[in-house]
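Subject: Structure handover

Hello,

Here is the model we talked about. Please open it alongside the notes that follow.

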Amino acid sequence: CPQACSKGDVYKASLSGLECVEKSGSELQHDATWQAWSSQLGWKIDYNMKDYSKEKHRLCNATAGNCTDMFLRLGCGVVKYWSSKMVEIKRQTFDICAGNYMGAIMQGRPLAIVCPISCNCTGTPSAAAAAHCPGTCNVTAPSWSDKQPANRE
């Protein structure tokens, strides 16, 4: 689904019916949807990092530089892994739960749909990721007072 469709009523209605469950890594390895997403993401990384082979290898070093295999092997563990690798390599964080893999360089499928637990959909996910959490997750948005500094008297 292109990013524009994720703002539509059909997408939102589809999310509302999804269960707030996350498959194990081994279950995802055998899941046809996860296999397809992993292949697509691997291809996107290969394309977008073709001039940065050293960084690509560091990103996907868990699988000898094969990014498709990295996604397949890590399952939803890729959420935490990706975050730490992006800080290490690019000194930035990106929200793959919302489909932001490398900022303007690479957008992709939001993983909150498949990885709601890893994406904190049962608590307080990022505002961008919350838009992709399954409807049964009881997402809570941060309140205004949570964003304010504590009163130090």
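N120 lies in the loop between helix 6 and helix 7. Its phi is near 65 degrees, a positive value in a residue other than glycine. Please keep in mind that this is a predicted model. Most residues other than glycine have a negative phi. N120 is partly exposed, with a relative accessible area of 34%.

R91 sits in the loop between helix 6 and helix 7 as well. Its phi is also positive, near 60 degrees, and R91 is not a glycine. At the surface, R91 has 68% relative accessibility, so it counts as exposed. The cut-off for that label is over 50%.

Now the overall fold. The protein chain has seven helices and zero strands. Along the sequence the pattern reads α-α-α-α-α-α-α. The chain has 153 residues, and 37% of them count as buried. It exposes about 8900 Å². Carbon and sulfur atoms supply 53% of that area. Take the contacts between residues at least 6 apart in sequence: 50% of them join residues at least 24 apart.

Next, the disulfides. The count comes to five.

C20 and C137
- The two are joined with an S to S distance of 2.1 Å.
- The torsion about the S-S bond is 105 degrees, and the link is right-handed.
- This pair links distant parts of the chain, 117 residues apart.
- C20 is in the loop between helix 1 (9-16) and helix 2 (25-29).
- C137 is in the segment after helix 7 (127-130).
- Both C20 and C137 are buried.

C76 and C115
- The S to S distance in this disulfide is 2.1 Å.
- With -80 degrees about the S-S bond, the link of C76 and C115 is left-handed.
- C76 lies in the loop between helix 5 (67-74) and helix 6 (78-90), while C115 lies in the loop between helix 6 and helix 7, so the pair ties together parts that are 39 residues apart in sequence.
- C76 has 5% relative accessibility and counts as buried.
- C115 is buried too, with a relative accessible area of 0%.

C60 and C67
- A disulfide joins these two, S to S 1.8 Å.
- The torsion about the S-S bond is about 100 degrees, so the disulfide of C60 and C67 is right-handed.
- C60 is buried, and C67 is buried as well.

Last, a pocket. Which residues line the second largest pocket? The lining consists of L18, E19, V21, E22, K23, L28, D31, T33, W34, I113, V114 and P134. By class, that lining has seven nonpolar, one polar and four charged residues. The volume of the second largest pocket is about 210 Å³. Rolling a probe the size of a water molecule over the atoms shows where empty space is left.

For positive phi, go to R91 and N120. For the link between distant parts of the chain, go to C20 and C137. For the left-handed disulfide described above, go to C76 and C115. For the second largest pocket, W34 and P134 are among the lining residues.

Best wishes

Methods: Residues numbered from 1 in each chain as written. Predicted model: local features only at pLDDT ≥ 70, side-chain atom pairs only at ≥ 80, totals over all residues. Heavy atoms only, no water. 1 Å grid on protein atoms, 1.4 Å probe; cavity = no way out; pocket = protein on both sides within 12 Å on 5 of 7 lines; lining within 4 Å. Points joined across faces, edges and corners; volume = space filled by probe spheres on them. Nonpolar A, V, L, I, M, F, W, Y, C, P; charged D, E, K, R; others polar. Disulfide = S-S within 2.5 Å. Helix = DSSP H or I, 4+ residues; strand = E, 2+ residues; numbered from the N terminus. Buried < 20%, exposed > 50% of the residue type's maximum accessible area, 1.4 Å probe, protein only. Contact = heavy atoms within 4.5 Å. Areas by Shrake-Rupley, 256 points an atom, 1.4 Å probe, with all protein chains shown as cover.
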